[in-house]
Amino acid sequence: MPNNSAPGWGASQVERVVETVLPTRYGVFRMVGYRDSGNNEHVALVRGDISNGAFPLVRVHSECLTGDALGSYRCDCGEQLAASLQRISEEGTGVVIYVRGHEGRGIGLLEKLRAYALQDQGADTVDANTSLGLPVDARDYVQSTEILRDLGFTRIRLLSSNPAKQEALESGGITVAGRSGLNIAQRPENADYIATKRARMRHDGEPVQDVWRQLTEGTVPQGSVLGLAAELITRYGPLVQAIRPDGRLVIGQLGQSLDGFIASRTGDARFVTGSEDREHLHRLRALVDAVVIGASTVTADNCQLTVRAVEGPNPLRVVLDPRARIPASSLVLTDGAAQTLWLVGTDAMLPTDLADNVSARRLAADDFAPDRLLNLLADLGYPRVLVEGGGQTVSRFLEAETLDRLYLTCAPILVGDGVPGIRFVGSDALSGALSAPVRRFDFGRDVCTEFDFSAIIPVPVP
């Protein structure tokens, strides 16, 4: 076994013992068995590989017989485990470490049952442990850190609502690029347990059950992602949590035919994809500060770029138009439904009677480069950006490596010839093709693929 001890920790405390394959309802995983210095046995369920330099998803899951095996509703452990395996299977890369010896946050099965008995009498999970003279949380994560290092997972995204897990892994030399909860619905039987973890043990996250309560009572904060229906949190929650520390987020979106066209040869694009994909597009608009679109798309589609199919605020409409060639009658210039920023070249001819909701700004040719445009919008107070179209504009931002996420929806139609969708200078070999962790969603007959380019990091050259 390689020497994977963390700095300052001395010799490794885990030994890799066996490896096999485990087919599950969530797909096929590579299963690796370990034994630690305390003779505890642990397993890692590994999906995919990490040779592409991505930050894989990782769940460090503490053993819970009652929740994992018996389906107890007193905790949410079994559902967290199932959701983790599902998320990692959908993304295609990641690992679940199942840590033995962590029963009852490290106090053992029978002591956990004694604590349950006190909870039956009204104590919360923290007071029950301390009343028995036991620690609130006796777990350590040395074995998990060393298992990750043995597997080559040293830069990860952590699936957990517990900041203590992140801190423990980071102290062992693991880079945690992000941490997100799994948004498991709470039940009447575990509502107090979950509330105590959040109030007294620093756990974060908003349970889906709370979302339904807020939706029912009409108390959802305006513009909050929690205003989405509960089943959509799984889809958009990771997107919101992916916002960079500086507040920026850049999303690309495009709908095209199965053979890669966004419109026919005449420019007809109404509609390539169906109504469910258009609703998805409006949800993306509601989650960003600004929507960027090229002049050709405005001219061809006379689009509004507003939020109409869902609840949410309208974003700033940003039109890239170096020659100021979009028609003066375009809705983005006349409808007054949202603010419009019209970016034109230094020599472009502009109307003198722009509507109050439209502001024009002249840019030099170099300032239309994707990175400079994004810097300009961030400086103006619009750090979260959706690049919506058309194909040339989205492709430019993709090729410039400025997209954190790309949503590419394919409709089951063959156009044969027309306006192309994603196009960029590719690699001579398929081994160099652009890839990233993905998730897929069915939008009626259409299939949307989400590329998570934020999970790709440069691989250092020796």
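This is a predicted model: local features need pLDDT of at least 70, side-chain atom pairs count only at pLDDT 80 or more; totals for chains, interfaces and linings use all residues.
Local features were considered at pLDDT of at least 70 and side-chain atom pairs only at pLDDT 80 or more, whereas totals for chains, interfaces and linings use all residues. Residues are numbered from 1 along each chain as its sequence is written, and side-chain values use heavy atoms, with hydrogens and water left out.

Helix 8 spans residues 191-200; helices (H or I, at least four residues) and strands (E, at least two) are DSSP runs numbered from the N terminus. The buried residues of this helix are Tyr 193, Ile 194, Thr 196 and Lys 197, where buried means under 20% relative accessible area, exposed over 50%, and partly exposed in between (1.4 Å probe, protein chains only). These residues lie on the same side of helix 8 because they cover an arc of only 160° around the axis, the arc being that of the directions from the helix axis to the C-beta atoms. An α-helix has 3.6 residues a turn, so residues three or four places apart point the same way. Exposed residues Asp 192 and Ala 199 are carried on the face turned away from the buried side of helix 8. The cover over the buried residues includes helix 2 (77-91), helix 3 (103-106) and helix 5 (125-131), with contact taken as heavy atoms within 4.5 Å. Arg 202, which follows helix 8, has a positive phi near 70°.

Leu 65, Leu 70, Leu 109, Leu 110 and Leu 113 make a nonpolar surface patch of about 470 Å². Patches consist of residues with over 30% relative accessible area and no salt bridge, like charges being joined within 9 Å and nonpolar side chains (Val, Leu, Ile, Met, Phe, Trp, Tyr) within 5 Å. A salt bridge is a side-chain nitrogen of Lys or Arg within 4 Å of a carboxyl oxygen of Asp or Glu. Accessible areas come from the Shrake-Rupley method with a 1.4 Å probe; for residues, only the protein chains shown count as cover. Helix 4 (residues 109-120) gives the most to the patch, with three residues. Leu 109, found in helix 4, is partly exposed at a relative accessible area of 31%.

Most residues other than glycine have a negative phi, and most peptide bonds are trans. Asn 39, in the loop between strand 2 (27-36) and strand 3 (41-47), has a positive phi of about 70° and is exposed, with a relative accessible area of 55%. Asn 302 has a positive phi near 45° and is partly exposed at 33% relative accessibility. A cis peptide bond with omega of about -5° joins Gly 389 and Gly 390.
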